[in-house]
Amino acid sequence: MNCPSCLSVTTREQNRKTTLGYRIFRCRGCHHIFNERTNTPFNLLEYPTDLVLLVVLWLLRYTLSLRDLAEMFLERGWVFTHEAIRGWEVRFASLLAEHLRTRRRGHIGTSWYVDETYIKVREKWWYLYRALDRDGNVVDSRLSEKRDMEAAKQFFRQALATAGHAPERVTTDGHDSYPRAIREMLGSEVMHRWNAYLNNHLEQDHRGIKQRYYPMRGFGNFTSASRFCRVYDEGRQFFRFRTTRKQHVSLADQRHLFCQRLDALKTMLLVA
């Protein structure tokens, strides 16, 4: 293992380990002593890395409150508060979202379906812009205080950066801000269709984020709401087993894919 201080490869593993069981190394060049988590986002955590990742993943993936998670892990012998979980979500959710967004770049379809839904933040309704491609894969999502021309432009600018390419066709519900925003941000050659019925599958897909945040009784501020909505969509897409909307995936294949992608996610974040 390379030394995180001087980047030397001449390191030696010690005969002892940290309290959590991580290996300890000593650099022969600068004599720096470090462990496997030194200079990683998980350094100085009082709990094992895989445990923290599992807590954050369960928080994002399942309809559980912070207190529910704390109780579930208490039964397994791990004691931490719901506020500790909140801190882990703040610390690692953005890291998770960024890795998954980077992984999706270049793998998004060329026919986009765009719509907005409502998210409650501090007893006020905000607009969550979301887009899926023709196969039902997530393009991007963005939370906005307003539903206007500037909000639509910012969403398409962000979606374009995430996808890495402009779509050939965009379908919306006919809101007045979309034609100009599509023309200016994606290009005049992009075909724009406005038909509320063609967006039915996207409107049904909004149920995921809405049902997920109900146990949380809304969000306390815009930053936490924006972060959670983004990482929720990224995580949901990562564990989506179908590659097309009507594809059938057997239960056995779903189990295999889930374990495979969970291991890949852990590896991805541990080497971050």
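Okay, some ground rules before we look around. The model is predicted, so to speak, on terms: local features need pLDDT of at least 70, side-chain atom pairs count only at pLDDT 80 or more, and totals for chains, interfaces and linings use all residues. Residues are numbered from 1 along each chain as its sequence is written, and side-chain values use heavy atoms, with hydrogens and water left out.

Let's start with the whole thing. The chain has nine helices and eight strands; here helices (H or I, at least four residues) and strands (E, at least two) are DSSP runs, numbered from the N terminus. The C-alpha trace spans about 65 × 40 × 40 Å along its principal axes. Of the 272 residues, 46% are buried. By buried I mean under 20% relative accessible area, with exposed over 50% and partly exposed in between, using a 1.4 Å probe and protein chains only. Then there are the contacts, meaning heavy atoms within 4.5 Å. Among contacts with a separation of 6 or more, 56% are between residues 24 or more positions apart.

Now, the sheet. Five strands make an open, mixed sheet, and the order is β6-β5-β4-β7-β8. Two strands pair if DSSP finds at least two bridges between them. At the edges you have β6 (138-144) and β8 (191-194), each pairing on one side only. On average, neighbouring strands are turned by 25° against each other, ignoring direction. Axes, by the way, are lines fitted to C-alpha atoms, for helices over the stretch in contact, and angles run from 0 to 180 degrees between N-to-C directions.

Helix α4, residues 149-163, packs on this sheet and touches β4, β5, β6 and β7. The direction of α4 makes about 145° with that of β6.

So how is β4 placed, buried or exposed? Nine of the eleven residues of β4 (residues 111-121) are buried, so the strand is largely enclosed by the rest of the structure. On one pairing, β4 runs parallel to β7 (residues 169-172), joined by three bridges, and W112 sits opposite V170 there. With β5 (residues 124-133), β4 pairs in the antiparallel sense over ten bridges; I119 has W126 as its bridge partner. Moving along, β5 and β6 are also antiparallel, over six bridges, with Y129 opposite R142.

Have a look at the turn between β4 and β5. The hairpin has two residues between the strands, and R122 takes a positive phi near 55°. E123 is in that loop too, with phi near 65°, positive in a residue other than glycine. E123 counts as exposed, at 66% relative accessibility. For background, most residues other than glycine have a negative phi. Another case is N39, with a positive phi of about 65° although it is not a glycine. N39 lies in the loop between β3 (33-35) and α1 and is exposed, with a relative accessible area of 57%.

Speaking of α1, how do α1 and α2 cross? The axes of α1 (residues 49-61) and α2 (residues 66-74) come within 10 Å and cross at roughly 140°. That makes α1 oblique to α2; the cut-offs are under 35 degrees for roughly parallel, over 145 for roughly antiparallel, 65 to 115 for roughly perpendicular, and oblique for the rest. From α1, the contact uses L51, L54, V55, W58 and L59, and from α2 it uses L66, L69, M72 and F73. Those residues divide into nine nonpolar, no polar and no charged. In that count, Ala, Val, Leu, Ile, Met, Phe, Trp, Tyr, Cys and Pro are nonpolar, Asp, Glu, Lys and Arg are charged, and the others, Gly among them, are polar.

Last stop, two threonines. T171 is in β7 and, at 0% relative accessibility, counts as buried. Leaving out residues up to four places away in sequence, T171 touches W112, Y113, V114, R193, N195, L198 and N199. T171 and F155 are 16 residues apart in sequence and 14 Å apart in space, C-alpha to C-alpha.

And T11? T11 is in strand β1, residues 11-17, and counts as buried at 16% relative accessibility. Apart from neighbours within four places in sequence, T11 is in contact with M1, N2, C3, R26, C27 and F34.
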